[in-house]
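Let's take a walk through this protein together, from the whole chain down to single residues.

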Amino acid sequence: MTEPSGRERVLDDARHHGVEIEFVDRGHATSLEEAAQNLGIEPREIVKTLVAKTKVTQTAREHSYILVLIRGDQQVDWAKLRRVAGVKKASMAAPDEGFHATGYRPGTITPFGSFGEGNVRWPVFADESIADRICMGAGEPGLNLFVGAAELFDAFGVVTADIAK
């Protein structure tokens with residue numbers, strides 16, 4: 001049996017959570033701005049899903065991951081995120097680490113279908129400015145999805161706070 005595609009993983013997980021999503025093929029894009037242009041929306045309407053590597057203490061050998069949702073026109077304020085997440089260290093995971101943690105490559109990462117080893121689901125944190133219908137990665141290059149922010153947040157127990165610069 002073959003591994004399900006990114007689209008199939010996303011769709012299966014959305015159905016599992018009872019969340020309605022809409023896929024949109026946006027074509028090739030080399031930047032978030034280009035992706036927004038291809039979709040006919042503003043960059044702030046795209047929500048980036050970032051993988052952050054975290055440690056509970058400065059000297060801890062073990063690390064974990066969290067998913068961070070931030071609007072396309074924002075950057076993460078790492079000090080604010082650390083406070084909200086209750087960790088001492090948090091930084092952007094390297095692309096290979098993000099893939100290992102979610103099964104998706106940068107630009108395709110989404111909470112839908114993101115699992116770590118042993119089907120671990122990572123906590124999800126979102127900037128409080130994210131609302132209404134949003135666009136995000138959908139598990140495959142050239143593909144995005146639209147979803148209601150409130151529905152997504154409810155389904156994944158997303159913690160919202162001021163985490164943007």
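Below we start with the overall fold, then visit the pockets, and end with a few residues worth a look.

Please keep in mind that this is a predicted model. The protein chain holds five helices and eight strands. If you trace the chain along the sequence, the elements come in the pattern α-β-α-β-β-α-β-α-β-β-β-α-β. The chain has a radius of gyration of 15 Å, close to the 15 Å that the globule rule gives for 165 residues, so it is as compact as a globular protein of that length. Its C-alpha trace spans about 45 × 40 × 30 Å along the principal axes.

How much of the chain is buried? Of the 165 residues, 43% are buried. The contacts also tell us how the chain is put together: among those between residues at least 6 apart in sequence, 64% join residues at least 24 apart.

Rolling a probe the size of a water molecule over the atoms shows where empty space is left. The largest pocket has a volume of about 500 Å³. It is lined by 28 residues, and the closest to its centre are T49, P106, G107, T108 and I109. Several elements give two or more residues to this lining, namely α2 (32-39), β2 (46-55), α4 (95-102) and β6 (133-137). Which of the elements gives the most to the lining of the largest pocket? That is β2, with six residues. By residue type, the lining of the largest pocket divides into 15 nonpolar, 11 polar and two charged residues.

The second largest pocket has a volume of about 160 Å³. To find the second largest pocket on your screen, select E3, R9, F99, H100, T102, G103, F115, G116, E117 and N119, the residues that line it. Helix α4 supplies the largest share of this lining, three residues. The lining of the second largest pocket is made up of two nonpolar, five polar and three charged residues.

N119 sits in the loop between α4 and β5 (124-127). Although N119 is not a glycine, it has a positive phi of about 60°. Is N119 buried or exposed? With a relative accessible area of 61%, N119 is exposed, because the cut-off for that class is over 50%. D132 is found in the loop between β5 and β6, and its relative accessible area of 64% makes it exposed.

Next, turn to two buried residues in strands. I46 lies in strand β2, the element that gives six residues to the lining of the largest pocket. I46 has a relative accessibility of 6%, so it counts as buried. Beyond its neighbours within four places in sequence, I46 is in contact with L32, A35, A36, L39, I41, I70, R71, G72 and C135.

N144 belongs to strand β7 (residues 143-148). What is the relative accessibility of N144, and why does N144 count as buried? The value is 4%, and buried means under 20%. The side chain of N144 makes a polar contact of 2.5 Å with the side chain of R26. Setting aside neighbours within four places in sequence, N144 is in contact with E22, F23, V24, R26, L39, C135, M136, G137 and A138. Notice that L39 and C135 are found among the contacts of N144 and among those of I46.

Our last stop is helix α3. At the start of α3 (residues 78-85), a side-chain oxygen of D77 comes to within 3.2 Å of the backbone nitrogen of A79. Just after α3, G86 takes a positive phi of about 70°. A85 and I46 are 39 residues apart along the chain, and their C-alpha atoms are separated by 23 Å. For G86, look at T57: the two are 29 residues apart in sequence and 9.8 Å apart in space, C-alpha to C-alpha. T57 is found in the loop between β2 and β3 (64-71). With a relative accessible area of 38%, T57 is partly exposed. Leaving aside its neighbours within four places in sequence, T57 is in contact with K88 and K89.

Key:
Residues are numbered from 1 along each chain as its sequence is written. This is a predicted model: local features need pLDDT of at least 70, side-chain atom pairs count only at pLDDT 80 or more; totals for chains, interfaces and linings use all residues. Side-chain values use heavy atoms; hydrogens and water are left out. On a 1 Å grid over the protein atoms alone, a cavity is a set of points where a 1.4 Å probe fits but cannot get out, and a pocket is an open set with protein on both sides within 12 Å along at least five of seven lines; lining residues have an atom within 4 Å of a point. Grid points are joined across faces, edges and corners, and a volume is the space filled by probe spheres set on the points. Helices (H or I, at least four residues) and strands (E, at least two) are DSSP runs, numbered from the N terminus. Ala, Val, Leu, Ile, Met, Phe, Trp, Tyr, Cys and Pro count as nonpolar, Asp, Glu, Lys and Arg as charged, and the others, Gly among them, as polar. Buried means under 20% relative accessible area, exposed over 50%, partly exposed in between (1.4 Å probe, protein chains only). A polar contact is a pair of N or O atoms within 3.5 Å; within protein, one must be able to donate a hydrogen and the other to accept it, and residues adjacent in sequence count only if both atoms are side-chain atoms. Contact means heavy atoms within 4.5 Å. The radius of gyration is taken over C-alpha atoms; the globule rule is 2.2 Å times the number of residues to the power 0.38.
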